[in-house]
Amino acid sequence: MSRIWNFSAGPAVLPEEVLREAAEEMLDYRGCGMSVMEMSHRSKMFQEIIDQAEADLRELMGIPSNYKVLFLQGGASQQFAMIPMNLMKNRVADYIVTGQWAKKAWQEAKLFGTANKVASSEDKTFSYIPDCSDLPISPEADYVYICENNTIYGTKFHTLPDTKGKPLVADVSSCFLSEPVDVSRYGIIYGGVQKNIGPAGVVISIIREDLITEDVLDGTPTMLRFKTHADNGSMYNTPPCYGIYICGKVFQWLKRQGGLEAMRARNERKAKLLYDYLDQSSLFHGTVVPQDRSLMNVPFVTGDAALDAEFVKEASAAGLANLKGHRTVGGMRASIYNAMPYEGVQALVRFMERFERAHR
């Protein structure tokens, strides 16, 4: 069986090396006679798996000692409520809306207090990142929220906003571990893992310890309190054990690749190949202003919906899967996460060249 080039936005491509390792261990994890999928989360063996995963993540990201690493469930979407429930002491927060997910987070926060939209790029279909160097940050705001990489629209904050001393909360679901970050610049940096790290079902939240307190909004359920999970090492209830195990394998794979500096260089090289082609093509066009382009998600269009549909159909038949763009943008989108090899992007560009010659 041959594997396709999978450009899905998430759940997304995983390193083949990791999948093969997991397959070898599926029935018998390191001689214990059972799969990790069957293992008690209270066992010494699983404790070693989650401890090693956290240690490797801390090493990869250079996470300071005053930050907790939590392996949670509920998707990034549950964090849209969990964050205001835990942080909105003054019932005020500021949101920068640069795509669907930031917009949904902002709308959810309005259930709990005043959520101010202090900047937005909705006026141009989220095709750029607004200037965030001097925002009207509310003096009483408990935090400032961004979605750092916008999966649907293919934009990325290459400069973090000036939050004027307020904690920055960032959803990094689609750029997690794609390049080095300075964790100390964030109050919370979190993301669903199903785009760049592992299978759907795990959210990793890295939270500065002073933001984890008993002082939460009235009515916040036990399971939605950061402190519940921090105090119990992410094991207050049964965690997504197998997902965490795969994440741990991906962390080790990333270390073998040379860490996040090496991944950034690889990702820049892949993205350059595709963007350079789009910039000279007479048929295909990128939809994002060049200075705000994502390394992970690349939307593009022909300007003709029927031709776009034909491209997606022919690409799929040629083994280039999941290239259909989000309905709000149309056209195509190539998600080229860490696990997508350079050869996959080469195959895409070669196909685009052939398609362009045939339809010029």
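Ser234 counts as buried, at 3% relative accessibility. In this predicted model, Ser234 is placed in the loop between helix H5 (226-231) and H6. Ser234 is not a glycine, yet its phi is positive, at about 65°. Most residues other than glycine have a negative phi, and most peptide bonds are trans.

A further positive phi in a residue other than glycine belongs to Asn322, with a value near 65°. Asn322 sits in the loop between S13 and S14. Asn322 counts as partly exposed, because its relative accessibility is 46%, whereas Ser234 is buried.

The peptide bond from Gly10 to Pro11 is cis, and its omega is near -5°. Pro11 lies in the loop between strand S1 (5-6) and H1.

## Helix H6 and the residues facing it

Helix H6 comprises residues 241-257, 17 residues in total. From its first C-alpha to its last, H6 reaches 25 Å, close to the 24 Å expected at 1.5 Å a residue. H6 is mostly covered, with 13 of its 17 residues buried.

Which residues does Glu21 touch, not counting residues up to four places away in sequence? They are Tyr245, Lys249 and Arg256. Glu21 itself belongs to helix H1 (residues 16-25) and is partly exposed, with a relative accessible area of 24%. Although Glu21 and Lys249 are 228 residues apart along the chain, their C-alpha atoms are separated by 8.4 Å.

Asp51 is part of helix H2 (residues 44-61) and, at 42% relative accessibility, counts as partly exposed. The C-alpha atoms of Asp51 and Gly248 are 9.3 Å apart, while 197 residues separate the two along the chain.

| Residue pair | Separation along the chain | C-alpha separation |
|---|---|---|
| Glu21 and Lys249 | 228 residues | 8.4 Å |
| Asp51 and Gly248 | 197 residues | 9.3 Å |
| Lys117 and Asn196 | 79 residues | 28 Å |

The buried residues of helix H4 (residues 100-109) are Gln100, Ala102, Ala105, Trp106 and Ala109. Their cover includes helix H3 (75-87), strand S3 (92-97), strand S4 (114-120) and strand S5 (144-147).

Lys117 lies in strand S4. Lys117 counts as partly exposed, at 36% relative accessibility. Residues up to four places away in sequence aside, Lys117 touches Tyr95, Val97, Trp106 and Glu122. Of these, Trp106 is one of the buried residues of H4.

Another buried residue of H4, Gln100, is in contact with His326. Is His326 buried or exposed? With a relative accessible area of 15%, His326 is buried, since buried means under 20% relative accessible area. His326 is found in the loop between strand S13 (320-321) and strand S14 (332-335). Leaving aside neighbours within four places in sequence, its contacts are Gln100, Ile152 and Arg333.

## The fold as a whole

The protein has nine helices and 14 strands. Its radius of gyration is 21 Å, close to the 21 Å that the globule rule gives for 360 residues, so the protein is as compact as a globular protein of that length. Taken along the principal axes, the C-alpha atoms fill a box of roughly 65 × 60 × 30 Å.

Of the 360 residues, 56% are buried. Among contacts with a separation of 6 or more, 69% are between residues 24 or more positions apart. The pair Glu21 and Lys249, 228 residues apart along the chain and in contact, illustrates such a link.

The protein exposes about 15200 Å², and carbon and sulfur atoms supply 49% of this area. How far apart are the mean positions of the positive and negative charges? The protein has 39 positive and 43 negative charges, and their mean positions are 3 Å apart.

Methods: Residues are numbered from 1 along each chain as its sequence is written. This is a predicted model: local features need pLDDT of at least 70, side-chain atom pairs count only at pLDDT 80 or more; totals for chains, interfaces and linings use all residues. Side-chain values use heavy atoms; hydrogens and water are left out. Helices (H or I, at least four residues) and strands (E, at least two) are DSSP runs, numbered from the N terminus. The radius of gyration is taken over C-alpha atoms; the globule rule is 2.2 Å times the number of residues to the power 0.38. Buried means under 20% relative accessible area, exposed over 50%, partly exposed in between (1.4 Å probe, protein chains only). Contact means heavy atoms within 4.5 Å. Accessible areas come from the Shrake-Rupley method with a 1.4 Å probe; for residues, only the protein chains shown count as cover. Lys and Arg count as positive and Asp and Glu as negative; His and the chain ends are not counted. The place of a charge is taken as NZ of Lys, CZ of Arg, CG of Asp or CD of Glu. The expected span of a helix is 1.5 Å times one less than its number of residues.
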